[in-house]
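Okay, thanks for coming, everyone.

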Amino acid sequence: MKVAFELNGKAVEADVPVRTTLVDCIRHHLMQTGTHVGCEHGVCGACTVIVDGDAVRACLMLAVQAEGTKVTTVEGLTPPEGLSPLQQSFRRHHALQCGFCTPGFLTTAHALLTEEPDASKERIRHVLSGNLCRCTGYIPIIEAVCAAREAYQKK
Ligand code: FES
Ligand code: FES
């Protein structure tokens with residue numbers, strides 16, 4: 001079945017079996033491999049992308065459900081001039097080691113801070129509690145997101 005949507009600001013189209021998940025479509029058909037696949041059943045958050053402004057587990061959504069939407073992956077968070085303030089904050093706070101979970105944390109945090117630039121630390125902890133990291137630990141990740149709030153408040 002053909003599906004057409006906007007991926008990181010560009011119109012894209014793919015011809016996929018109907019059962020194809022959005023994450024497999026993005027990675028294997030559209031060759032944007034920044035989005036990772038961990039558990040494949042909605043638990044780890046590694047596959048999180050932003051669909052029409054909402055953070056979504058792309059392993060739980062079918063590609064055909066993305067028809068007509070605007071999808072943003074971690075690639076789409078990076079401006080042409082370099083790392084975004086959120087990405088810079090992750091680097092500054094050592095909020096990643098292997099980086100496997102990082103695209104999911106970045107997309108989840110970006111969706112949250114875009115909607116709620118004044119989100120409290122508790123709110124950030126709560127929202128990010130659905131993303132699993134097996135190496136860095138959560139304290140630097142939370143600190144990085146808290147420090148990035150200012151950049152979203154200025155927008
Ligand atoms: S791969 Fe989608 S939530 Fe784990
Ligand atoms: S940085 Fe390795 S899983 Fe999070």
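How much space lies in the largest pocket? About 220 Å³. Before I go on, please keep in mind that this is a predicted model.

So, who sits around that space? The largest pocket is lined by 14 residues, and the ones closest to its centre are A55, T108, A111, L112 and V127. If you'd rather think in elements, strand β4, residues 54–57, and helix α4, residues 102–115, each supply at least two residues of that lining.

Now the second largest pocket. That one holds about 170 Å³ of space. Its lining is made by G38, C44, A46, C98, F100, C101, L132, C133, R134 and C135. And how does that lining divide by residue type? Here we get 8 nonpolar residues, 1 polar and 1 charged.

Right, on to the helices. Two packed helices are described by the angle between their axes and the distance between the axes.

Let's take α4 with α5. Their axes come within 10 Å of each other and cross at roughly 135°, so α4 and α5 are oblique to each other. The crossing of α4 past α5 is right-handed. On the α4 side you'll find F105, T108, A109, L112 and L113, and they meet R123, I124, V127 and L128 of α5. Sort the residues of this contact and you get 7 nonpolar, 1 polar and 1 charged.

Next pair: α4 with α6. What angle do these two make? Their axes cross at roughly 40° and come within 10 Å. They are therefore oblique to each other as well, and α4 passes α6 in a right-handed crossing. From α4, the contact uses F105, A109, H110, L113 and T114, and from α6 it uses Y138, I141, V145, A148, R149 and Y152. That contact splits into 8 nonpolar residues, 2 polar and 1 charged.

And then α5 with α6. Helix α5 runs over residues 121–128 and helix α6 over residues 138–153, and the two pack at an angle of about 125° with their axes 10 Å apart. That makes α5 oblique to α6. The crossing is right-handed here too. Which residues meet? From α5 it's K121, I124, R125 and L128, and across from them in α6 are I141, I142, V145, C146 and R149. This time the division is 6 nonpolar, no polar and 3 charged.

One last stop, at D15. Where is it? D15 sits in strand β2, which covers residues 10–15. Leaving out residues up to four places away in sequence, D15 touches M1, K2 and H29. For a sense of scale, take D15 and S89: they are 74 residues apart along the chain, and their C-alpha atoms are separated by 38 Å.

That's my tour. Over to you for questions.

How values were computed. Residues are numbered from 1 along each chain as its sequence is written. Chains are lettered from A and ligands numbered from 1 in the order in which they are written. This is a predicted model: local features need pLDDT of at least 70, side-chain atom pairs count only at pLDDT 80 or more; totals for chains, interfaces and linings use all residues. Side-chain values use heavy atoms; hydrogens and water are left out. Axes are lines fitted to C-alpha atoms, for helices over the stretch in contact, and angles run from 0 to 180 degrees between N-to-C directions. Helices (H or I, at least four residues) and strands (E, at least two) are DSSP runs, numbered from the N terminus. Angles under 35 degrees count as roughly parallel, over 145 as roughly antiparallel, 65 to 115 as roughly perpendicular and the rest as oblique. A crossing is left-handed if the near helix is turned anticlockwise from the far one by less than a right angle, and right-handed if clockwise. Contact means heavy atoms within 4.5 Å. Ala, Val, Leu, Ile, Met, Phe, Trp, Tyr, Cys and Pro count as nonpolar, Asp, Glu, Lys and Arg as charged, and the others, Gly among them, as polar. On a 1 Å grid over the protein atoms alone, a cavity is a set of points where a 1.4 Å probe fits but cannot get out, and a pocket is an open set with protein on both sides within 12 Å along at least five of seven lines; lining residues have an atom within 4 Å of a point. Grid points are joined across faces, edges and corners, and a volume is the space filled by probe spheres set on the points.
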